[in-house]
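Please work through the exercises below with the sequence and the model at hand. Each task is followed by a solution in steps.

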Amino acid sequence: MGFLFKGQKKENSSTGEKEVRESSTSTPLKSPTLSNQAEISDAAPGSRRPHTLGELKASGYKPVSIREEMRRNLIALIKAKKPIFNGIIGYDNTVIPQVENAVLSGQNIIFLGERGQAKSRVMRLLVGVLDEAIPVIRGCEINDNPFSPVCKYCREKVASEGDNTEIVWLSREDRYGEKLATPDTTIADLIGDVDPVKVAEGRYLSDELTMHYGIIPRTNRGIFCINELPDLAERLQVGLFNLLEEADIQIKGYRIRMPLDIILVASANPEDYTSRGRIITPLKDRFGAQIRTHYPVTIKDEIAIVEQEWQRFNDGDVNFYVPEYVKEVIAEITHLARKSPDIGQRSGVSVRISIANLETVVANAIRRATMLGEKMAVPRISDLPYIVASTTGKLEMEGFEDKNEQKIIDDLTKRAVLIVFNRHFRFEELDPIVEQFNGGFNVETSDSINAKSYVRYIKEIPGMSKAVKKMTDAETPEIVASVVEFILEGGHLNKRLNKTRVEGKTVYKH
Ligand SMILES: [Zn+2]
């Protein structure tokens, strides 16, 4: 069955109509598997791994710092040509090499970028460069290295239990801590606080056993990520700096030594980060690598991300199919928004807008198909106005009172359709179609008209059949209806056809 649009590969020709149902193409964010990391950590969890300090020593295990560990594993992955940043599209020649250089250099990293540039995802994928598991002292709150414990609890434990000290294996997924900085983030959240219960038990305040550890010490020997770093209060930035640089912290006037082994990764909006006074200089200096992220450079990359990320449900009676031109229009709208003077560019125009907009037009097509009892949902031009709901909340409009949000998005949509149409059609290809409208002929379209009503235009409008064939081999009414609307709208936007809106319907006429 010929449902596929030209230029698309048909994957399975024997399954009939089902074949056009979009399958889930999202790539699971799986960490690459290392073959040459510490031999003992590769076994099935808990099987043959040492469970006491004595066994660990006997196994010949050599603990290394997190920087050495990540560097060693990254080199192994590069050698094995194993991708580290699965599912990250469009960063192959920009962001990824810089991240790899930072890891090889043992540097802390700050990512600068507007919203929706996959910063968090890149950060989380760094976990894939860690060993599958590392040994820590059982019961330790800060993942102490059994060979050189930092906390008093572990030092006392090793002193009294020696080689019988129990070991547990911490998986790499558990060695990642993340925090969104807000103005009310506290030292207690990040670093820790004095535990009043423990004080009441009669411990001295300067005794670190009275500490209730925050997220950073708990991520010891791991990767700690802090999002929106400039939103962190200055005294917390100082605290963070002291922890990294001096390996000590001050809580309520008490100094506690805490030599942690942590990779610090942060993210920030570029304008916030560079504006004076938002980040204390010494902390800035602690980031060896400052890496600028970006939006997809090409429409193709934007579409690839949308196809990977959009949420689809295969639970109803209605199949759906998204014509390539619809994806192009959705991606083009976002690209135009990123250049629009009507839209605030400071926080950016996220790829999430493209994703949500595709979900919206597909939803409207499914709603139509369900109401009309059609078997297939195919988004059309008349579904595009519904993207206002999935666009406006994710953008900041520049404050011009004479232009409302709806109008700005309408204008972007028209420009996007025109660009995509003119990418597929030459101006003179419209001639025979436009001709038909000269004698009073007109066409009504709407997002609620059934697909079969469009099929007759293939016969009635000379040139329409040829134009439709250019976009698709399909004869399915739902796909034909979508393409007919695209061609008529292209004719209108090229100023070859007039268009009026009457009672929820669009009329194309001379
Ligand atoms: Zn400990």
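The model is predicted: local features need pLDDT of at least 70, side-chain atom pairs count only at pLDDT 80 or more, and totals for chains, interfaces and linings use all residues. Residues are numbered from 1 along each chain as its sequence is written, and side-chain values use heavy atoms, with hydrogens and water left out.

**Exercise 1.** Describe the packing of helix 13 and helix 16.

Step 1. Locate the elements: helix 13 spans residues 324-337 and helix 16 spans residues 405-424, where helices are DSSP runs (H or I, at least four residues) numbered from the N terminus.

Step 2. Take the geometry. The angle is about 130 degrees and the axes are 8 Å apart; axes are lines fitted to C-alpha atoms over the stretch in contact, and angles run from 0 to 180 degrees between N-to-C directions.

Step 3. Classify. Helix 13 is therefore oblique to helix 16, given that angles under 35 degrees count as roughly parallel, over 145 as roughly antiparallel, 65 to 115 as roughly perpendicular and the rest as oblique.

Step 4. List the contact (heavy atoms within 4.5 Å).

**Exercise 2.** Determine the strand order and the edges of the open sheet.

Step 1. Five strands pair in parallel in the order 4-7-10-1-11; strands are DSSP runs (E, at least two residues), and two strands pair if DSSP finds at least two bridges between them.

Step 2. Strand 4 (176-180) and strand 11 (289-292) each pair on one side only, which places them at the edges.

Step 3. From one strand to the next, the twist averages 15 degrees.

Step 4. Inside the sheet, strand 7 (residues 223-227) and strand 10 (residues 263-268) are joined by four bridges; Ile223 has Ile263 as its bridge partner.

**Exercise 3.** Is Ala369 buried or exposed, and which residues does Ala369 touch?

Step 1. Ala369 belongs to helix 14 (residues 351-372).

Step 2. Its relative accessibility is 1%, so Ala369 counts as buried (under 20% relative accessible area; exposed is over 50%, partly exposed in between; 1.4 Å probe, protein chains only).

Step 3. Leaving aside residues up to four places away in sequence, Ala369 touches Val318, Glu374, Met376 and Ala377.

**Exercise 4.** Which residues of helix 12 are buried, and what covers them?

Step 1. In helix 12 (residues 299-309), the buried residues are Ile299, Glu302, Ile303, Ile305, Val306 and Gln308.

Step 2. Their cover includes helix 4 (119-125), helix 13, helix 14 and helix 16.
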